[in-house]
Protein chains: 2
Amino acid sequence: MCELLGMECNVPTDIVFSFSGLALRGGLRGPHSDGWGLALYEGRAVRTFLEPAAASLSPLATFVRNHPIKTLLAIAHVRRKTRGRVALENTHPFVRELWGRSFVFAHNGTVRSAKKLTLGRFRPVGDTDSERAFCALLARLESSFTDYPRARKELYRAIAEAGAEIGAKGSFNFLLGDGEHLFARCATKLSYVIREAPFKAATLADDEIRVDFASVTTPNDRVAVVATAPLTRDEEWVTGIPGEMWVFRKGRRIATLAA
Amino acid sequence: MCELLGMECNVPTDIVFSFSGLALRGGLRGPHSDGWGLALYEGRAVRTFLEPAAASLSPLATFVRNHPIKTLLAIAHVRRKTRGRVALENTHPFVRELWGRSFVFAHNGTVRSAKKLTLGRFRPVGDTDSERAFCALLARLESSFTDYPRARKELYRAIAEAGAEIGAKGSFNFLLGDGEHLFARCATKLSYVIREAPFKAATLADDEIRVDFASVTTPNDRVAVVATAPLTRDEEWVTGIPGEMWVFRKGRRIATLAA
């Protein structure tokens, strides 16, 4: 099992505070020491930092925390392997191009019968059920639309349906980014919080690190943070219902698709 | 115009010395200050470090130099934009998955009539002629083979022919990696050196940095380094003939395909 972290905002924001909380769980406070990854969008393109080793001990993870990169959309993951050995090719998040966009995917759980999924023209580089599930999801989208759909709600529906089908067996908690939205599916465990004015302080659940968001934001800022488990101890996190999928855009939850 | 750097070895090697030479040309000693990127393979997967800013001033480039990652195959690029604005999506090297492998591509030159190229199912995320040419190259490979060809020479031939066709107009110097080979096409300017026993010392052409390779290698090590212009002043670099493509594997030039 693994832990997921997503951030989606209306103004470029750095993910350092939340990523610090996640990184603590990557080997120091949590058992997720088999790798970590962070994907940061700039427009439709993305850059990733990936390491098949514990985040809590990683100089690269420390660098990322010390040199914050602001972004509107980020997806991070710490891994404790269930299937697939510890290797770069098995380190989330995974990236594929579809419709001239970088799609980013991270998964928590296990997809059963992943070998039987229809993958279309997408092929896994590694040997995780997660990457196969991502390939299957994109293959379904590609077969449903010839281009990025103008009718956004059709896209949301298609992703939710693909998630339900692929995750019918097993547990398919995932975060998916397309450069414009953060899609977050809860199969067993997922939470989110929206940070907006009036901003308050928050303390990491796993450490004494505290940030006063009022001092680092403007009144118009809005940030959605999604995580496997609440990362802070003094904010109100919304808990997901198994089977539902949230869609975030500009720091708002703009859609919830039922199971 | 841009500068290319590739490294392909028979034992995992860090690219720090050569990358330092390249980074110097990225804004400090050279005019290539519009971005830099570095792709490092681990098996069939790859990780990239990308920045749409000058390498010589980049904390991330400094981090990469200070925390060397060993690899069998690496491709790096410093950019001076000709087409496409300064942005992450226009920063080389580009990565796409084909046949369950990460293909990595970096280009020096200009491909004319890039808009007319047939791209198959690959679509550019950014707006450079380089990424379009990469998409066109992969589309040709995908239409020629249903899977990674066992007959490797057919692959070499297909890449060389695609390079010649796509680069027929303009200048198409490129480096292409598939996790197993480094393909290096010379259209106007490309050089390589093989470092092997007996190892000697070498000094960067653009700086006083000097490495005695004998002290950091074993007698069986073999490293091929390809660059737009020789990076060292005291080694014998082989200069490419316009139109030819080299194939490197395990630190050897194993094939040369004529124009």
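Residues are numbered from 1 along each chain as its sequence is written, and chains are lettered from A in the order in which they are written. Because the model is predicted, local features need pLDDT of at least 70, side-chain atom pairs count only at pLDDT 80 or more, and totals for chains, interfaces and linings use all residues.

**Exercise 1.** Determine how H3(A) and H4(A) cross, and which residues meet.

Step 1. The axes of H3 (residues 129-144) and H4 (residues 152-166) of chain A come within 10 Å and cross at roughly 140 degrees, where axes are lines fitted to C-alpha atoms, for helices over the stretch in contact, and angles run from 0 to 180 degrees between N-to-C directions. Helices are DSSP runs of H or I with at least four residues, and strands are runs of E with at least two.

Step 2. That angle makes H3(A) oblique to H4(A), since angles under 35 degrees count as roughly parallel, over 145 as roughly antiparallel, 65 to 115 as roughly perpendicular and the rest as oblique.

Step 3. Taking contact as C-beta atoms, placed from the backbone, within 7 Å, residues of H3(A) including Ala133(A) and Leu137(A) meet Ala158(A), Ala162(A) and Ile166(A) in H4(A).

**Exercise 2.** Work out the strand order of the open six-stranded sheet in chain A, and its edges.

Step 1. Pairing requires at least two DSSP bridges between two strands; the order is S5-S6-S7-S8-S14-S15, with antiparallel pairing.

Step 2. The edge strands are S5 (94-98) and S15 (252-257) of chain A, each pairing on one side only.

Step 3. Within chain A, S7 (residues 173-177) and S8 (residues 182-185) pair over four bridges, and Leu175(A) has Ala184(A) in S8(A) as its bridge partner.

Notes. Two residues are in contact if their C-beta atoms, placed from the backbone, lie within 7 Å.
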